[in-house]
Amino acid sequence: MRYLPLNENDRAAMLDVVGVKSVDDLFVDVPEAARLDGLIDLPTHMTEAEVDARLTAMAGKNRAAGAGPFFMGGGAYRHHIPASVDHLIQRSEFLTAYTPYQPEISQGTLQVLFEFQTQVAMLTGMDVANASMYDGSTACGEAVLMACRVKRRKKCVLAPGLHPHYAAVTENLCQYLDISLDIHAPAPGKDVDVLNGLDKDIAAIVVQSPNVFGEIIDLEPYAVAAHAVGALLIAVFTEPVALGAIKSPGEMGADIVVGEGQSIGVGLNFGGPYVGLFACRQKLVRQMPGRVCGETVDAQGKRGYVLTLSTREQHIRREKATSNICTNSGLCTVAFSIHMTLLGEAGLRTLAAINHEKACMLADKLTAIDGVELVTDTFFNEFTLRLPKKASDVVGDMVAQNVIGGLHASRLMDGQDDLLIVCATETNSEADMDAFVSALKGALS
Amino acid sequence: MKYTEDHEWIQLDGDIATIGVSAHAAEQLGDVVYVELPEVGAEFDKGDDAAVVESVKAASEIYAPLGGVITAVNEALEETPETVNAAPETDGWFFKMKISDASELDGMMDAEAYKKFLASED
Amino acid sequence: MSMNTQGRQTTPDAVSAREHQTVSGNRGLAQTEKLIFEIGTPRRSGVDFPKLKGVKSRLGSMARTDEIGLPGLSEPEAMRHYVRLSQKNYAIDMGVYPLGSCTMKHNPRLNEKMARLPGFADLHPLQPRGTVQGALELMDELSHWICTLTGMPVVAMSPKAGAHGELCGMMAIRAALDAKGAGHKRRVLVPESAHGTNPATAVLCGFSIDTIPANDAGRVDMEALRAKIGDDVAGIMLTNPNTCGLFENDIIEIAELIHGVGGYFYCDGANFNALVGRVRPGDLGIDAMHLNLHKTFSTPHGGGGPGSGPTVLSEALAPFAPVPYVEKQGDGWHLVENADDKSFGRMTAFHGQMGMFTRALSYMLSHGSDGLKQATEDAVLNANYVQASLSGEMSPAFGGICMHEALFSDEFLEGTGVETLDFAKAMIDEGYHPMTMYFPLVVKGAMLIEPTESESKAELDRFIDVMNALAKKAKSGDVAFFKAAPIYAPLRRLDETRAARKPVLRWREETTA
């Protein structure tokens, strides 16, 4: 077995030192009824070449996003990632290190986390950020719990533009905690509904921008309304590239900002691993969940970094911890940070501008088709169309022409069967767009 | 000054009690890095969690040793939590409360008794 | 013949061995590295783009006009920055990483290659199902391996990490109790040696915690447990092998006691790597257990994540599993995404950590049933070998046979003035990552050593020699040697108190210029 260094001589010599006759003697504490004889009924070992062939064949049964025209968003976005990002995160020192609990020999990971936190804070317009969460949806759920802790209130309002899976994850996390959620049914153009009927029991309102339909929401009135009843505004985003083009949630008065960072550095990965971004105002930092890295000095006064505020965490506070999360998205934060550093502000703004242009061009081309109507007046790189046919059927028809032409809203929500959510990024060529137009025409005819 | 078995001290002045942690407790906690104080006006029963004190390695609840209403908190601790280590039984006080029942103090230890209690705990 | 005698010196004779400070602060290969905010500028970039066409904006009045401040670097500058930073990290690929409970085993690079196949990596989670059959097949096959190895009927694949898997299992338990109308069952028993996440998780499910003490042999105190059994018990959260590295030999009786009052048995599977191929948790009477694919099945730890925590469930809990899950339908696979009235809900936006699934299946296929069993046996043998070889100088906490990790107390340091932390920091100077310290809490000054199956005997022998020598040195009274450590790491000991008192969690121009 290529991964196991011990040979039979080693094993015999080591058993001797331990003072037992056979390896079975090491499992004596296992109740006899539960000891297995022989091998479990699964295939035996394979060579590297055999495994490679087997999994490559399995991968070949999928239609990779890049294998043809592709226009899907809905919480995960296809962007070009510079080759150097993947090269760097595969360095052993990043890939095969553990959580940086020994800061003296983990400064690499720790400094990247400190840089990452600063990048996220700048991007979102907030004071501080943590070292990341599992993904955007779990970050959203944790933000709601945090708001309830901060405000000592047990009610939150989720806007109708919030990604329905984010709402579902939040609902799941709150269901046994006596927190009531007012979840508005998803619909385009309806976010403003949450401004009605706010009361002083509410800990936070949760608004996404750009929302799940792609609409850009001015968060300021939501911040004002939330603050008027002593509540917090939690701003959510699923496309971080948008923040290179549109006003930051911090600038508009959000108190907590959470989102998905996958677009920068991480890739689609069929849904995971991703990287949840979590930022907040300075005064809330002691209630922020998740790992945080902070600056300090070593015994000789040299600047260095450590994991800090760990008293909020489970190994110290146990049942009183701020969250049960004890991991971050480690390597994905490194990938995010490297990609963001390669972009810089200028690069991010250009990337965002190109994404927006592509989406504008595509929206013009698609709405030129008879019966296709643009539902979202403002958008960044994702917009919603109303089709004269059931969108799920249209998507299916387009797949037959090797075009993945957006996401039918009914995949995420009920009652919006004619809506198609479409995304364009810098990865889409004009030829892709024309193929999409002709596939959509075909599917509608 | 009176002490509890949870290593808190109480200084009573009329019906206002000042509460902090004992020098022994401050030493056990190690370097205090953060103190979370109650809000003025908050009401507690005896034994309720009223505040939190955090060191690098530990977080401990501060119980209300008596029932009553918070009248003042030591806001200086928010900026300089190290005062809890430097002067636990004077400048490092946590909060003051208007107590509802002075008889709850009965049976609490004086300095001498607390010293003996510590010796018996080891 | 002309002879050049000017060349470089080839012997070190004339070189002084004295310590000295370089003018730059760099030390040869160890370079100091500033923050990106200090070396980059917002206008610089390492990415080229095509020209903009100048299309009319649809952003409304929402264009971002403030200065974001994000610094950029060209590609060569970025490469140097991150390569230099990487060189300040210890890693499995550099040496023994004996962190108990963390299972730092070798990460095969085939797994990295497989996870990057475009057919897996470049796949959108919401693509039409006909375009992702291979991905669903992979999830189904991995599920089959997990269920077979654990002897459990069902696995929920979506939890994103170990603690998320715990949450999955405990939510299933809560949902099952609610379905039975057992609203009075809210007390969860947790041994004092448990991972801190266990109580934190139970609280998120609306349970209260009742702590069970350990006995002198490092296992659950059965008498104390029996005394705590009652009708209000919702379940127990037990790690097996436990955090002392010991098999809970009364585990079947524990399961019966819990089931006897209608409760459920959550097993923390963080240490399943000690059992794979030798024991199926399903045979021990458990109802739920998460697996850490990043521990047991070697998906890389990546400096703290991402993890992956698939959670196996018993027949009793299966109906309450979260969405989404993969179902075989005829010739193909289908993804069930909407919760029926029994499922407790959705844990994450999409289907779980696909990138980790690919790596874990690659690991399982490579090992096969025979290799997985051998890996388990080697891991347990390595731990016992370390325990036996260090027992002369160090203090085994419980003695006897251990499972995949060996636990020591700080008894051998008593009176030396050297503490567990100092001992650990001295290991850094010797070229090792320290073991897990001060955990589990049931042992004073705990040192928990998990060598894993990836270490050769020769590597272990060197490690053992160093550990024994350090123990002797501590007992010899050389306290300063330990208190000063580490000397040879990129930094000396860091001031954690300062970091926590005045948290500086981001760079700002005015404070760090």
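Me: How many bridges pair strand 4 of chain B with strand 6 of chain B, and in which sense?

Reply: Bear in mind that this is a predicted model. Strands of a sheet pair through backbone hydrogen bonds, either parallel or antiparallel. Here strand 4 of chain B pairs with strand 6 (residues 49-55) of chain B in the antiparallel sense. The number of bridges is four.

Me: Which residue in strand 6 of chain B stands opposite Val32(B)?

Reply: Strand 4 of chain B covers 32-36. Val32(B) has its opposite number in strand 6 of chain B, and that residue is Ser55(B).

Me: Which strands of chain B are the edge strands of the open sheet?

Reply: The open sheet has three strands, in the order 4-6-7, with antiparallel pairing. From one strand to the next, the twist averages 25 degrees. An edge strand here pairs on one side only, and that holds for strand 4 (32-36) and strand 7 (59-63) of chain B.

Me: Why is strand 5 of chain C described as largely enclosed by the rest of the structure?

Reply: In a regular strand the side chains alternate between the two faces of the sheet. On one side of strand 5 of chain C, Tyr264(C), Tyr266(C) and Asp268(C) are buried; on the other, Phe265(C) and Cys267(C) are buried. Strand 5 (residues 264-268) of chain C is largely enclosed because the buried residues number five of the five.

Me: Which residue of strand 6 of chain C stands opposite Cys267(C)?

Reply: Strand 5 of chain C runs parallel to strand 4 (residues 233-239) of chain C, joined by five bridges. There, Cys267(C) is the bridge partner of Leu238(C). Strand 5 of chain C also pairs in the parallel sense with strand 6 (residues 288-290) of chain C, over two bridges. In that strand 6, the residue opposite Cys267(C) is Met289(C).

Me: What handedness does the β-α-β unit of chain C have?

Reply: The unit takes in strand 4, helix 9 (residues 251-260) and strand 5 of chain C. Its handedness is right-handed.

Me: Which helix of chain C gives the most to the side that touches chain A?

Reply: On this side, 170 residues of chain C are in contact with 168 residues of chain A. By class, the chain C side has 86 nonpolar, 51 polar and 33 charged residues. The helix that gives the most, with 23 residues, is helix 10 (residues 354-390) of chain C.

Me: How many residues does the largest nonpolar core have?

Reply: In soluble globular proteins, nonpolar side chains tend to be buried together. Among the residues with the most contacts inside this core are Ala147(A) and Ala172(C). Ala172(C) touches residues including Phe320(C) and Phe344(C). The number of residues in the largest nonpolar core is 347.

Technical notes
Residues numbered from 1 in each chain as written. Chains lettered and ligands numbered in written order. Predicted model: local features only at pLDDT ≥ 70, side-chain atom pairs only at ≥ 80, totals over all residues. Pairing = 2+ DSSP bridges. Axes fitted to C-alpha atoms, helices over the stretch in contact; angles between N-to-C directions. Core = buried A, V, L, I, M, F, W, Y, C linked by C-beta atoms within 7 Å. Buried ≥ 20, exposed ≤ 12 C-beta atoms within 10 Å, placed from the backbone. Contact = placed C-beta atoms within 7 Å. Nonpolar A, V, L, I, M, F, W, Y, C, P; charged D, E, K, R; others polar. Right-handed = clockwise from strand over helix to strand, strands pointing away. Lists of a residue's contacts leave out its neighbours within four places in sequence.
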